[in-house]
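Reader: I would like to go through this model term by term. Show me the values, then the cut-offs behind each label.

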Amino acid sequence: MKLLNKILFICLIFFSLASCEDYIEGDAINSDPNNPTSVPISAQLPAFQIQIADMTGGDFSRFNCMLVQQIEGVARQWSSFNQYTGLTPNRFDSGWRDVYENVLNEVKIARANAVENGYNHHQGILNVLEAYTMQMATDVWDDMPYSDALQGVDALNPTYDTQAEIYAAVFSLLDQGVAQLSGPPGPLSLGSEDVFYGGNTANWIAAARALKARALLKQNNYSGAASEAAAAFADASQNMAFQYPDVNAAGPYFRFNVSGREGDLEFNPQMRGLLESLNDTRLGMMDGTFNADHPYLVADFYQEMVTFREMQFIIAEDDVRAGGSQAGHDAYLAGIKASFARFGLDDAAYEAYVAQPEIDPGVGNLTLEQVMTQKYIAMYLQPETYSDWRRTGIPALTPTSGTVIPVRWNYSANEFLFNANSPDEASVDIYNDRVGWNR
Amino acid sequence: MKRLSLVFSMFFMSIGLLLAQSTVSGTITDDLGDPLIGASVLVKGTSVGTVTDLDGKYSIEVPSGSDVLTISYTGYQTQEKTIGSATVIDVSMSEGIMLDEMVVTAIGIEREEKALGYAVQQVKGDEITRSGASSAVDALVGKASGVQITRSSGSVGGGSRILIRGVTSMVGNNQPLIVIDGVRTNNQTLLSQGSTAGTAASNRLMDLNPDDIESINVLKGAAATALYGTAGATGVVLITTKKGNNQNRVDVNFSSSASFDQITNMIDLQSEFAQGRTSGGELIWRSPATGESGSWGPKISDLEYATDPNHPNAPTHARDFDANGVYRWDPNGFLVPRGTGNGQAANTYNNVDPFFQTGMTFTNSLSLAGGNELMTFRLSGSDLRASGVVPNEEYDRKTVKLASSITPLEGLTISGSVNFTKSDYVRVQQGSNVSGLLLGMLRTPASFDNTNGLGADRANSTIDASAYEFADRSQRTYRGGGGYDNPYWIINNALGYEDVSRTFGNVKADYRLNNWLGFGINIGYDLTSDERKQDFEIGSRTAPLGRIRLAEFNVKQYDNYFNVLGSGNVTEDVNLSYLAGVNAFSYDENRTFADGSGLVFPGFLDISNATNVTSSQDANRYRSLGFFGQVEASWRGTLYATLSARQDYDSRLGNPADFKLEDTGFFYPSASLAFVFSELMNTSSFLSFGKLRLSWAQVGAGPPTAYSTQSVFVVPTISSWGSALNFPVGGVTGFDQSSLLGNPNLTPELTTTTEIGLDLRFLNGRLGLDATYYKGKVEDAILNASLALATGYSNVWLNSGEMTSQGIELTLNATPVEARDFAWNTQINFTKSENIVEELAPGVERLFLAGFNTAGTYLVKGNQYGAIFGGAYLREEAGTASDTDLNIPGGQVVINDNPEDNEYGFQAVDPKARAIGNPNPDFIIGWNNTLNYKNFTFNFLLDWREGGDLWNGTAWALSFFGRSQLTADTRQEAPTPIAGVKSDGTPNDIPVVRDRSYWTSSLGGFGAIGEQFVQDGGWVRLREVGLSYRFPATKWSKGGSVGVSGRNLWFTTEYDGIDPETSLTGTGNGQGFDYFNMPSSKSVMLKLSLDF
């Protein structure tokens, strides 16, 4: 039994607890070698900035601009969306996911990093980006989880904040953002990782004010909106936008139309009729088959989040509501001019267009109808057009099915399934439940 | 390693202590005196054994301390002979029942089948080879109860999913552990694209040459597999490969086969209506250049050709005519109403059947087996070359295997095997993607010719490029170059290539000191390198600018065992055996991807031609360490009790930030009892054997993947509709917190199973019945529980699931006829298993597995595993107290009676998605028959799968395009009210015609409803049928056989589409989808086998 003892002894050593622990823990075996557990803010920022640009030109643009009949769903799933019947809660899953998981949670993590390290300018733009996202989201979803959201397993069923509460937060975030961006940067300045503005704090401050103008408009504070708008962008070069580089990383419409979903969406005949009635030369840039040859929906798309021309129309709207003045008229024309420029049309085309009396009836003669119609055209494929249409009813639209155009998005099916504090699914009526500012 | 070498050196030191051994030889004959070839002679209590040669002779080295030989032969009563001082032992065997058959159980321990308290079923190698399947998994269909096998597609080289007793894990792997010669072997299916698109994928057990298989043992329940620990919880398939002999001779076997495959059935397409739609109240034909997707146009019989571009009905798109005014989309011209054209009636094209070809598989294999008393060897090689039913699809497999053993000293056997396999594939895109072969093929209207007039004359794979592209290389498709790839374009320009190099095997040493003490060490390795390339030539609808995707998968798996074992009689009546051991397992998988897009010029499909290249890496590594022990006690060959236990440590439970060994450990026991009650009864001629089995076992398991204890950042992919946006974007990359929240507090999940079985044999074994009932429960199941997205995450790893299972397995064996020249053996295997999801996570009632928005498979609380969940018609009781919110509510279908609505008169849509189907079969029966007449053998296997829903996504989508026969029928119906009630509860009286307006609404393809296309995927099929003739031995050959066999030649099903034996998601957990899946194939094989 001497041999047996020896062998047993060796086995004991071989599989001693120490080597067992080494075998199970050694070489950081349970750490993912390809995915870090923490990253610097400069590695995180571009990911969610591009996400914001992409959802703006993605779900938010497609659904909103389909509902206001700038585009039309003609094939496969999109033909049922166009009829509204296909707009079941699960269709809003990806938008909801983008807002919470891909943007707000990223902002939260980045903000914790920025606060800890005293990166003031980073905190400033995080506040602006959060305000932008929440405003775009609450405009279609009304009440949403906000103050109780983003806590992982610590709050499995986030409660809902009212839209008024969310708007209060939006204003507060924008004010904080302006204050932070106006002060010293702290130990780290913004740099090229900021893919919207390349670290230009003046542009960020302008964008914050532009977003505030957009928000005030929905509070029916037209003059407040106009004064923020006037203080926002000096020209279109300050637009908050993302430049998609090329076909290898193409804009959202190009990716939709060319790869995979070609033929599902087309230019809407309603809008074609409107532009034709106005002899609008921008029609050539919007119309045509939505494919690789489309003149506007190009691979290297310039995706705008908030623009100089939108601000001009906010000024014009306030002005026309107040009776009309030279300043408002100038803003109206500046908005149209910026729109022509955006479509790559020259000044001559713009001059010819506004020479028509039905486009420019002169100072004091502008109507809200004209301002909002021009804004509707100038804001082609901007999600904000849906808010403008719900606020003003301009342009007048005929439902594609039934008697009513939906006035909000349904909540995501994910929310009904997994959040016990979500409203009852049956109680959400996308045709009649107007969002807070629209009641 | 130092310690390991120490152990080795101890082994060699101990060799010196060995004593000499004796040799025994003899002849084994049947009761008529004819020699029995291949009878097994085993030294009892050891692993030393041999088989008899062609003359029934054997010779065996008997280690000292052993005194009994066990002689067994299939169909004959096993005998034991005491050796004493004899050197020649001749044995005459009598036909009888195999009461004492030895079976291989966990950790490779051979035990008497009689002693087992759990179900084990053996399938012999010749049953595998005669099935005609080139993969061991496919060959198992119908041959064992409790086993369910699903082929993913008819693509050559496509994999299969195998389940033993249904599912075990909620979200992790559910396929059984594959153990070859004692060590775990990789049977993974590695996907390089999403589960609903891409190409078919293999399961890696396909790398094993079926001719190398000696036998397959299926260990079904937890008690049978508990010694394997976590990995064995899903059942174990134990494969024993063929070995050499020790008869001082060399046996040579050569076999050659040729198999011819054709597709089985296809979905019914309409050939009545042309591409087009209603416009201005009239059905009009629309040219491909309009991009028209549907076949909602006029009747083809109402159309004729015209060529004049100035014809009033001529199409007007710029892409319709070339510079010479010649219509581009059809050499016959465009279509105009009858009487307005050139009088040539419009053709109806079949774009489907002529596309496919007869696939061919040629397999040649050669083996040499031999040896002497000191050492044995078996060397085998095989070569398989297959071309698919889809032109240009290929599968080539070459295998080489060497197995050898040496017995340098009595009691010590050192053996090893090495397998090398090279598998090469060429594959075609399938499923839900615009380059999927059937997507474009089935949607193509009957008025459009995908071959551009080349018709059926052409050779499929070499069809002229003018069929599918124009001179400028733009694609010629029925949607004017858009939509989907032309099938002929796909097989020439969008192929996927896979090169798999695989080596696996083991080195093993067994040393038996005496009956009470033996040692075993087994070191197994399995290395797979899988290199893939997917081409998308410029102009592909998937990647219009062209794309090359490279993927490299490297999987390294090591499985090492060290055992101590022994057995002996404690008293005359009581026998005791024990086993103790340790098992160290390591898994290391690395994936590297490179994705090149934007090709510079066509015709050069290489990543150097790409303008934008991105790459990424992905790893999955884990290790486990298990200590196990087993004690078996038996009393008078009547009562057998077995107790086992295992302590596992699994790295996947460790938290790198705060590692504690005890967090990773878990313990679980098992117990089983076999009571051979027939031993206590008077031997009656009616009941010759009876055994009751009872067992109880627990098995623990760690998380299904590594790295689930931490939250990480990932480089995100931004996607919604259309193609995804990948980082880096214009040179900028970024990181995003993963949507899956890690959980440092994970604990192991626990599966508890109770099993009861009865084994009865009557009439001297001519009739046998084996019945098993089992019941199990998984608790604290680790799953990626869904979270409300507003928490910031979509899933979290949680110990929160609970699932129960139960099932019945019956195996009936009978030999209804047995005469000198004729015998009929029949076996029926019945399987019924049911897994119910009891709990997911707090507040969570369903969890996504795979599929689509309209219909996906989910774990749904209270439902069977993997329920199909999706859009349903509104029912009267929706929202009432009886509505569970998950299942389809009671009451009749409610009809939309709002006259303003576009869907007036159609079924109303339930706003809630519901469980609309159950993909799990009600039961499976395999009926296997073998009839022998002299040297002829006829066999057939009927395979019956009852129930099991499939979501017919192909029919769903084709209804939108008006391509299915269904839509041709319904659009011509007289207006009829759809069955259901109006919102006030009165019977529906709104007449509608189910034409384009219906099939393109929520009720048709791409609409919200999935329910209407959930269909029964059950079948009855003739899985195998074969006739073979065995040659007698001659001077120049030791015998051989020649045969013809058929696979899948006939089946019947209620499913309206391709063969329902298909799975879009391949071998994954989410089953039950058909979305433009590749059709299945039937085959006829000729095979010749010669022994020298």
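Author: What follows is a set of questions about labels, each settled by a value and a definition.

Reader: What makes a local feature or a side-chain pair count here, and how are things numbered?

Author: This is a predicted model, so local features need pLDDT of at least 70 and side-chain atom pairs pLDDT 80 or more, while totals for chains, interfaces and linings use all residues. Residues are numbered from 1 along each chain as its sequence is written, with chains lettered from A and ligands numbered from 1 in the order in which they are written.

Reader: Why does the radius of gyration of chain B agree with a compact globule?

Author: The rule is 2.2 Å times the number of residues to the power 0.38, and the radius is taken over C-alpha atoms. For 1092 residues a compact globule would be near 31 Å; chain B has 32 Å, so the two agree. The C-alpha trace of chain B spans about 105 × 70 × 65 Å along its principal axes.

Reader: What does chain B hold in helices and strands?

Author: Chain B has nine helices and 56 strands. Both are DSSP runs numbered from the N terminus: helices are H or I with at least four residues, strands are E with at least two.

Reader: How many residues of chain B are in contact with chain A?

Author: 97 residues of chain B are in contact with 95 residues of chain A. Contact means that C-beta atoms, placed from the backbone, lie within 7 Å. Among the elements that each supply at least two residues to this side of chain B are α1 (2-15), β27 (517-536) and β29 (574-599). The largest share, nine residues, comes from β30(B).

Reader: What makes up that side of chain B by residue class?

Author: It divides into 48 nonpolar, 36 polar and 13 charged residues. Ala, Val, Leu, Ile, Met, Phe, Trp, Tyr, Cys and Pro count as nonpolar; Asp, Glu, Lys and Arg as charged; the others, Gly among them, as polar.

Reader: Why is Ala913(B) called buried?

Author: A residue is buried with 20 or more other C-beta atoms within 10 Å of its own, exposed with 12 or fewer, and partly exposed in between; the C-beta atoms are placed from the backbone. Ala913(B) has 27, so it is buried. Its place is the loop between β45 (867-870) and β46 (914-917) of chain B. Leaving aside neighbours within four places in sequence, Ala913(B) is in contact with residues including Asn90(A), Ala413(A) and Phe869(B). Of the 1092 residues of chain B, 55% count as buried.

Reader: Why is Ile405(A) partly exposed?

Author: Ile405(A) has 19 C-beta neighbours inside 10 Å, so it counts as partly exposed. It sits in the loop between α17 (384-392) and α18 (413-418) of chain A. Beyond four places in sequence, Ile405(A) touches Leu67(A), Leu397(A) and Pro399(A).

Reader: And why is Asn279(A) exposed?

Author: Asn279(A) has 12 other C-beta atoms within 10 Å, so the label is exposed. Asn279(A) lies in the loop between α11 (269-277) and α12 (283-286) of chain A. It has a positive phi of about 50 degrees although it is not a glycine. Most residues other than glycine have a negative phi, and most peptide bonds are trans.

Reader: Where is a cis peptide bond found?

Author: One joins Ile394(A) and Pro395(A), with omega about 0 degrees. Another joins Phe727(B) and Pro728(B), again with omega about 0 degrees.

Reader: How do you know that the length of α13(A) is close to the expected span?

Author: The expected span is 1.5 Å times one less than the number of residues. Helix α13 (residues 308-321) of chain A has 14 residues and reaches 20 Å from its first C-alpha to its last, close to the 20 Å expected. Of its 14 residues, 13 are buried.

Reader: What makes a set of residues a nonpolar core?

Author: The members are buried Ala, Val, Leu, Ile, Met, Phe, Trp, Tyr and Cys residues joined through C-beta atoms within 7 Å. The largest such core has 301 residues, and Val128(A) and Ile216(B) are among those that touch the most other members. Helix α3 (residues 41-67) of chain A gives the largest share, 13 residues. Apart from this core lies another of 18 residues, among them Ala274(B) and Tyr349(B).

Key: Contact = placed C-beta atoms within 7 Å.
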